[in-house]
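Hi everyone, thanks for coming. Today I'd like to walk you through the charged pairs in a protein that may be new to you. Let me put it on the screen.

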Amino acid sequence: MTLRPSRFIVIACLMLATLIAAGCSESPQEKYNDATSNLNDAKKARKQAQEKVADAREKVQDAQKNLKQAQNKLQQARQKVISATQAVNQTVSDEVLFRTLQKKLLDNDEFSKSAISVGVNQRVVTLTGTVPDQDTRKKAVQAVRSQPGVESVNDQLQVSNGKNDASQSGGGDTGQHDNTGQSGAGNS
């Protein structure tokens with residue numbers, strides 16, 4: 001069988017086109033190599049993610065351990081406060097509170113322009129007298145309220161800035177109390 005040149009050219013072109021097309025697409029080996037590379041990249045990314053999760057878990061466990069220790073310390077501190085408060089309440093007397101509060105108010109320069117009297121009955125403190133302004137009044141009440149052993153404060157202080165209306169009287173936070181216990185006037 002003899003080929004004519006024109007047919008030969010057509011067959012050669014077809015073969016060349018097939019070779020070119022085959023060269024443009026990946027061979028099975030190249031496809032396998034690409035898939036293997038992608039698999040290895042995915043495994044590496046998975047391993048890194050697992051390591052990050054493990055690190056995060058370790059940090060969470062450490063944080064939980066620290067939280068538990070802090071909660072235990074807080075509970076111990078609360079117990080100490082309860083015990084100390086009970087000891088104060090068992091040993092405190094109206095006389096001791098009166099002397100302590102009177103000294104506290106007399107020794108504080110913030111109350112130097114005030115005339116505050118302290119009365120104590122069954123650990124309820126009544127403050128009477130005058131102070132120059134509302135800020136001084138709040139500080140005096142807070143100073144007394146923060147004293148260990150004080151059950152409550154009856155604020156009857158008056159602001160003496162020339163205005164003596166009902167809005168400036170203390171009114172008290174515990175109601176009226178009998179002031180027959182120790183009391184004293186202090187120009188602190």
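Predicted model: local features only at pLDDT ≥ 70, side-chain atom pairs only at ≥ 80, totals over all residues.

Let's start with a question: which side chain does Arg-123 meet in a salt bridge? The partner is Glu-151, with 2.9 Å from N to O. This pair links distant parts of the chain, 28 residues apart. Arg-123 sits in the loop between strand S1 (115-121) and strand S2 (124-131), while Glu-151 lies in the loop between helix H4 (134-145) and strand S3 (152-159). Arg-123 counts as buried, because its relative accessibility is 18% and the cut-off for buried is under 20%.

Now please look at helix H3, residues 94-106. Glu-95 and Arg-99 form a salt bridge there, and their closest N and O atoms are 2.4 Å apart. How are these two placed along the helix? They are four residues apart, so about one helical turn separates them. Glu-95 is partly exposed, at 33% relative accessible area, whereas Arg-99 counts as exposed, at 54%.

Further along, Lys-103 pairs with Asp-107 in another salt bridge, the closest N and O atoms being 2.6 Å apart. Lys-103 is exposed at 52% relative accessibility, and Asp-107 is exposed at 52% too.

And how many salt bridges does the count come to? The answer is six.

Technical notes
Residues numbered from 1 in each chain as written. Heavy atoms only, no water. Salt bridge = Lys/Arg side-chain N within 4 Å of Asp/Glu carboxyl O. Buried < 20%, exposed > 50% of the residue type's maximum accessible area, 1.4 Å probe, protein only.
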